[in-house]
Amino acid sequence: TKLYSTLVRWLEKRDYQEQEAAPTAPEQKQEELAQQPSRQQNITIPGLNINDALENVANNMDLLVKVLKEFYENYRNCIKTIRDHISENDLESAERIAHTVKSLAGTFEATDLQTSARAVELAAKEHEPDLDEKIETMSVMLNEVIDGIESALIKTADQSSEDSHEY
């Protein structure tokens, strides 16, 4: 429940900041609704255990979808960022990104990604020589999750939006 309340506070704060700049036209609200899967819709994303992930967010499908979409937007290129930090000898920043991915992956029950991100986090912290191999494993796990989110939520939302504009 602490995780859920933290996510809700974080997302509400972010929503408030976005609302100040966002238009409130009725068409926009309809488009947003069309882009979100209904609560009854079953979502399957490779690498994730959706049922357990739902339990982690108090069975709030809308919140889970929002978290997954934000993860997609914010972390789909994080392997490149981690590698950039390492090339700049900034292992602390690489460790911090891996830690964040590990935590978020735990929220939506992407256990393979969580495990590989933890390995990168620890390898960066300890300056382990096999850090590159661990990053490559994390990259494979991340791509599976990112591709799944894109297929299940992003492309589906884009298609729903296109369908709603047809006459």
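From the N terminus on, the elements of the chain run α-α-α-α-α-α-α-α. That makes eight helices and zero strands. The model is a predicted one.

**Whole chain.** Among contacts with a separation of 6 or more, 67% join residues 24 or more positions apart.

**Helices α6 and α7.** Next, select residues 91-107, which form α6, and residues 111-126, which form α7. Two packed helices are described by the angle between their axes and the distance between the axes. Here the axes come within 8 Å and cross at roughly 160°. Angles over 145 degrees count as roughly antiparallel, so α6 and α7 are roughly antiparallel to each other. The crossing of α6 past α7 is left-handed.

To see what makes this contact, show the side chains on both helices:

- On α6, pick L91, E95, A98, H99, V101, K102, A105 and G106.
- On α7, pick L113, Q114, A117, R118, V120, E121, A124 and K125.

Coloured by class, the contact of α6 with α7 shows eight nonpolar, three polar and five charged residues.

**V120.** Stay on α7 and centre the view on V120, which lies in that helix. Is V120 buried or exposed? Its relative accessibility is 0%, so V120 counts as buried. Leaving aside residues up to four places away in sequence, V120 touches A98, L131, K134, I135 and M138.

**The largest nonpolar core.** In soluble globular proteins, nonpolar side chains tend to be buried together. The largest nonpolar core of this chain has 45 residues. Which of them touch the most other members? Select F71, F108 and L113 to see them. Then colour the elements that give two or more residues to this core: α3 (50-56), α4 (61-75), α5 (78-87), α6, α7 and α8 (131-164). The most comes from α8, which gives eleven residues to this core.

**F108.** For the last stop, centre on F108 and show what surrounds it. Not counting residues up to four places away in sequence, F108 touches L48, N49, A53, L64, V67, L68, F71 and V145. F71, in that list, is also one of the core residues that touch the most other members.

How values were computed: Residues are numbered from 1 along each chain as its sequence is written. This is a predicted model: local features need pLDDT of at least 70, side-chain atom pairs count only at pLDDT 80 or more; totals for chains, interfaces and linings use all residues. Side-chain values use heavy atoms; hydrogens and water are left out. Axes are lines fitted to C-alpha atoms, for helices over the stretch in contact, and angles run from 0 to 180 degrees between N-to-C directions. Helices (H or I, at least four residues) and strands (E, at least two) are DSSP runs, numbered from the N terminus. Angles under 35 degrees count as roughly parallel, over 145 as roughly antiparallel, 65 to 115 as roughly perpendicular and the rest as oblique. A crossing is left-handed if the near helix is turned anticlockwise from the far one by less than a right angle, and right-handed if clockwise. Contact means heavy atoms within 4.5 Å. Ala, Val, Leu, Ile, Met, Phe, Trp, Tyr, Cys and Pro count as nonpolar, Asp, Glu, Lys and Arg as charged, and the others, Gly among them, as polar. A nonpolar core is a set of buried Ala, Val, Leu, Ile, Met, Phe, Trp, Tyr and Cys residues joined through side-chain atoms within 4.5 Å. Buried means under 20% relative accessible area, exposed over 50%, partly exposed in between (1.4 Å probe, protein chains only).
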